[in-house]
Amino acid sequence: ATILGWKIFGLSLFGALLPSVLALLFTAWLLDRLTLLLDRRQAGMAGLWFATAMGTVTYGTTSQMEIWVCLFHAAAWWAGLRYLEKPQRQPGWLYLAFAVAGLGSLVKSPLYAVFWVLGFVSYLVLRREWRVFRIKHLYLACLAGIVLGLLWFLYILDVDGARFWSHYVLQETWNKKDTPMASPGALWGALTYFCFPFTFLALASLGGLWRARNQDAAARRLLDFALAWSWPAALFFSLYPYRIKPYLYILVPVLALLTDTGLARAKGSPGPGFRWALRASGVLFLAASWGVALVLGRSEMIPPWVALGFAGVGLWAALSGWKLQWRSFALAGLAGVLMFRLAAVSMGEEDLRGLRQASADWPRSTPAMYDSFGNIWHELGLLSAGLGRPIERMRSWDQVAQHLARGGWVALSDEQSLQIGTELEPRLRAAGVERPLESRPWSRWKARGKFPFREVVLKGKPGVPDFDERTRREFRILKLRG
C-alpha cells in the first residue's frame, strides 16, 4: 500500500501516510456497519470514536501495520455477521469472511488470522449457532482461508527459503518467546491510553450492557461479540513473554463500538455512571490539552497558534463533557487529532531541516545513512519520504567510504560520528582519497531523554540554558570537499 501511494503521489510523506488514513476510514466505516448488525439502536459514531482514539492517532495514521490488522479483522467480522444475519444464509459471506482473515495473515503475522478464527468459532458457541458446525461450507471456507493465507509465505519460501527460515521463522517468531518485554500491567495500562478520550465511556458502556444482559437480547449479543473479538489476542499477549504495547491496539475498535452502543442506549437519561464518565473525560481532556499546550508552547517546539488551538480544543471538550453533550465531545476529540497532527508536522519539519538543507545544497549527490545492524525498523524509509528522495543504506564503514569517494554524502548519528577518525578516515586514506571531509551538523529531536518539564513551564526555553543539550541530538552530515 505504501509503495502504491508512492507510485501515485511520488516519494513523499503524503504518499506514505495516505494509505493508512484510507485504511482508518474504511475500518471506521466497517465499525458502523458492525454496530448496525449487532444493535439497531446504535448512535452511528463508533467509527468516529475509533478515529479520535490516541492509539489510532499514534498507530493508525503513520504507515504502520496495526491499522491494517484492525481493518482485516473488522472486515472478516463484518462478513461473518452478514452470513449469520440472513434468514436464508448464503455461504458466500462465510467464504468471504475466512478469505479476508486469510489475507489478513499477510499484514503482520498469521497469528491474527488464528485469533479471528478462534473468536468467530467462540461467537458461534456463545450464540448457540450449533447448526453452523454441521454445514460443510464452514470447514471448506476455513480451508480456503488457510490456503489463501499460505500463498504469500510459500512464495517467499521459494524466493529465499534460507532467509525466510532464519529471519522470519526463527528470529522474528520463534526466538521472541524467550525475550520478555513489557509486563502484563504495562500492556493493559497502554490500552487505557490507546482509548483516550473515550476510556471511561467504554467502561461505563460495558457496565451498562452487563447490567442489561439478562433482560436485553441485543445487550447480550454485544457482550458475546466483544468477548469473541477480544479474548484470543488479550489472552495470548498477556501470557506470551514477548510483549510490546501496540499488541493490544487490536482491542480499540471493539471498545469504540461498545462506547457507541452504550451512549445510544443511555441517550436522554444517562445514569450516574455515564454522567461521571463523560465529565471526568472532559476534565482529563482539558488537563492533557492544556498540559501539551503549556509544555510545547513554552519550549517553542510548536508555533503559538498551535498551542492556542490545543488550549481551545481542551476547553471545548471540558464544556461538552460537563454539559453531557457527547456528540460535541466526540467532535472536540476529532479537533484534538487535528491539533496533534499539526504539532507533529511542526516538530517533524524542524527535525528534517538539516537533512533538507544538505539535499538542497547537493542536489546531484546521493544521500546515504549508515546502518551497521541492518535493522528492519530503521528510520531510513521515513526520512526518505520526508526528504522526497531515496536515501541509500550503508552496511559498513567500507561502503560509507566508497559512497563518499563517488561524490555522495552521508548522515551519521551522534554515536557514529565519534568513529569518524578511527573508522572512516583511515579507509578513505587507504582508498587514496586525499580531499578533506566537509562536516555540518544536523540537529534532531531526541527520541528518549529526560525532558525538563518543570524548568520549561516555569522559565520557558530561554530560561533553560542546556535545553538543546537535553532535547536534541547532533547528527553529522559528511561530504568530501571539491
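The lining of the largest cavity in this predicted model comprises, by class, seven nonpolar and three polar residues, with no charged residue among them. This cavity, which has a volume of about 80 Å³, is one of two cavities of 30 Å³ or more that the structure holds. Its lining is formed by Val69, Phe72, His73, Ala76, Ala101, Gly104, Ser105, Tyr112, Ala113 and Trp116, and the elements that contribute two or more of these residues are helix 5 (66–85), helix 6 (91–104) and helix 7 (111–126). Of the elements involved, helix 5 gives the most to the lining of the largest cavity, with four residues.

The second largest cavity has a volume of about 50 Å³ and is lined by Glu66, Val69, Cys70, Lys108, Tyr112, Pro246, Tyr247, Tyr249 and Ile250. Helix 5 again gives the most to the lining, here with three residues. By class, the lining of the second largest cavity has seven nonpolar and two charged residues but no polar ones, whereas that of the largest cavity has three polar and no charged residues.

The lining of the second largest pocket divides into 17 nonpolar, three polar and two charged residues.

Elsewhere in the chain, a helix pair was examined. The axes of helix 16 (residues 326–361) and helix 17 (residues 380–387) come within 10 Å and cross at roughly 60°, and the two helices are therefore oblique to each other. The crossing of helix 16 and helix 17 is right-handed. On the side of helix 16 the contact is made by Leu352, Leu355, Arg356 and Ser359, and on the side of helix 17 by Leu383, Gly386 and Leu387. The residues of this contact divide into four nonpolar, two polar and one charged.

Definitions and conventions. Residues are numbered from 1 along each chain as its sequence is written. This is a predicted model: local features need pLDDT of at least 70, side-chain atom pairs count only at pLDDT 80 or more; totals for chains, interfaces and linings use all residues. Side-chain values use heavy atoms; hydrogens and water are left out. Axes are lines fitted to C-alpha atoms, for helices over the stretch in contact, and angles run from 0 to 180 degrees between N-to-C directions. Angles under 35 degrees count as roughly parallel, over 145 as roughly antiparallel, 65 to 115 as roughly perpendicular and the rest as oblique. A crossing is left-handed if the near helix is turned anticlockwise from the far one by less than a right angle, and right-handed if clockwise. Contact means heavy atoms within 4.5 Å. Ala, Val, Leu, Ile, Met, Phe, Trp, Tyr, Cys and Pro count as nonpolar, Asp, Glu, Lys and Arg as charged, and the others, Gly among them, as polar. On a 1 Å grid over the protein atoms alone, a cavity is a set of points where a 1.4 Å probe fits but cannot get out, and a pocket is an open set with protein on both sides within 12 Å along at least five of seven lines; lining residues have an atom within 4 Å of a point. Grid points are joined across faces, edges and corners, and a volume is the space filled by probe spheres set on the points.
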